[in-house]
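Have the structure open while you read.

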Amino acid sequence: MWLHRAMHAGFYVLLTASAARYVAYHGADLVVLGLALALAVFYPASVRWTRALPVVLAVWLVLVWLAPSFGWCAIPLFFQCLRQLKPRVALPIAAVLTAAVVLAQIRLAATFDWSLVLGPVGVAVLTAAVFFDRARLLHEAGVLEERQRLAREIHDTLAQGFSSINLLLSLGESERAAEVARENLGEARRFVRDLSPIQGTLIDALHRLVPHVEVDGDPYALSVQTEVALLRVAQGAVANVAEHAGANRVAITLSYLGDAVTMDVVDDGRGFDPSAVQTEDGRGYGLASIRGRIAELGGTVSVESAPGEGTAVAVTVPTP
């Protein structure tokens, strides 16, 4: 996040410096300054929505053609392309951005020398190298975190169960050992189920879970991790309703937004006081599990309930 913020701040610093330089040398041209203002206004939209990125790039290319000094803004835009687009799309666009900067440098220079070409190319290569190395480190960190999570799950469930079975057998408690073995088998199945992708679509899986499912917006592809997390959250919330709420109706609303997907699980049960839920209670564990699973995806969870007024669990997961 600090690198993202630095790039965003750097964009506005470079845009301001470019505008000040242009005014100092050429005066206040309304077309150029208007394009610069448009770039400043639309840039945040390009950060949140990929569809806005081509508009910002087009405005910048026109601006650089009219005022070459705005070529300084290329690095943050280059970074945005790498962050939001697939490499096969981002790299050709980056080449166009680099070529525009080279032309801008040549137009500004009194005489030609190869540093005008090699300088922008070198900066572009370094920017790409930093980005892809950072992406590699994030991937490795994610793999390590997932391994640690799996190790924790195995230790807390399967390994402890087998230890209990071994102890009970050594004490001659074969019936109790068989009971623990059945419980451990259930834990193993749950563990495998959590690692498995959804059969069919997420919407189909939610329909199999409850009869009342509403979908807002145009559905788009989600990552396997996001789909599995949303389904597990829905399953956990519905299980809480079945166990605690005494509800007559449970409804799920899945909303596809521009940069996030939200899911609301609402019941008309007896409700509860969320601030009074303790982890010793089964429902407390369920809510803690939901919050932990969604937090791993950078999402948020909110619970609205009161005694006698039902419960609403709202989940939001970002979808870059």
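Q: Why are α3 and α4 called roughly antiparallel?
A: In this predicted model, the axes of α3 (residues 53-66) and α4 (residues 74-84) cross at roughly 155 degrees, coming within 11 Å. Angles over 145 degrees count as roughly antiparallel, so α3 and α4 get that label. As for handedness, α3 passes α4 in a left-handed crossing.

Q: What makes the contact between α3 and α4?
A: L53, V56, L57 and W60 come from α3, while α4 brings A74, L77, Q80, C81 and Q84.

Q: How do you know how α2 runs relative to α3?
A: Check the angle again: the axes of α2 (residues 30-48) and α3 cross at roughly 155 degrees and come within 9 Å. The cut-off for roughly antiparallel is over 145 degrees, so α2 is roughly antiparallel to α3. The α2 and α3 crossing is left-handed.

Q: Which residues make the contact between α2 and α3?
A: On α2 they include L35, F42 and Y43, and on α3 they include V59, W60 and L63. The contact divides into 14 nonpolar, one polar and no charged residues.

Q: What does the UniProt annotation "transmembrane region" cover?
A: According to that unreviewed entry, it covers residues 30-49, 55-77, 89-108 and 114-132. In the model, residues 30-49 are 95% helix and 0% strand, with end C-alpha atoms 28 Å apart. Residues 55-77 are 70% helix and 0% strand, and their end C-alpha atoms lie 12 Å apart.

Note on methods:
Residues are numbered from 1 along each chain as its sequence is written. This is a predicted model: local features need pLDDT of at least 70, side-chain atom pairs count only at pLDDT 80 or more; totals for chains, interfaces and linings use all residues. Side-chain values use heavy atoms; hydrogens and water are left out. Axes are lines fitted to C-alpha atoms, for helices over the stretch in contact, and angles run from 0 to 180 degrees between N-to-C directions. Helices (H or I, at least four residues) and strands (E, at least two) are DSSP runs, numbered from the N terminus. Angles under 35 degrees count as roughly parallel, over 145 as roughly antiparallel, 65 to 115 as roughly perpendicular and the rest as oblique. A crossing is left-handed if the near helix is turned anticlockwise from the far one by less than a right angle, and right-handed if clockwise. Contact means heavy atoms within 4.5 Å. UniProt positions are given in the numbering used here, feature names are shortened, and annotations may be inferred rather than shown by experiment. Ala, Val, Leu, Ile, Met, Phe, Trp, Tyr, Cys and Pro count as nonpolar, Asp, Glu, Lys and Arg as charged, and the others, Gly among them, as polar.
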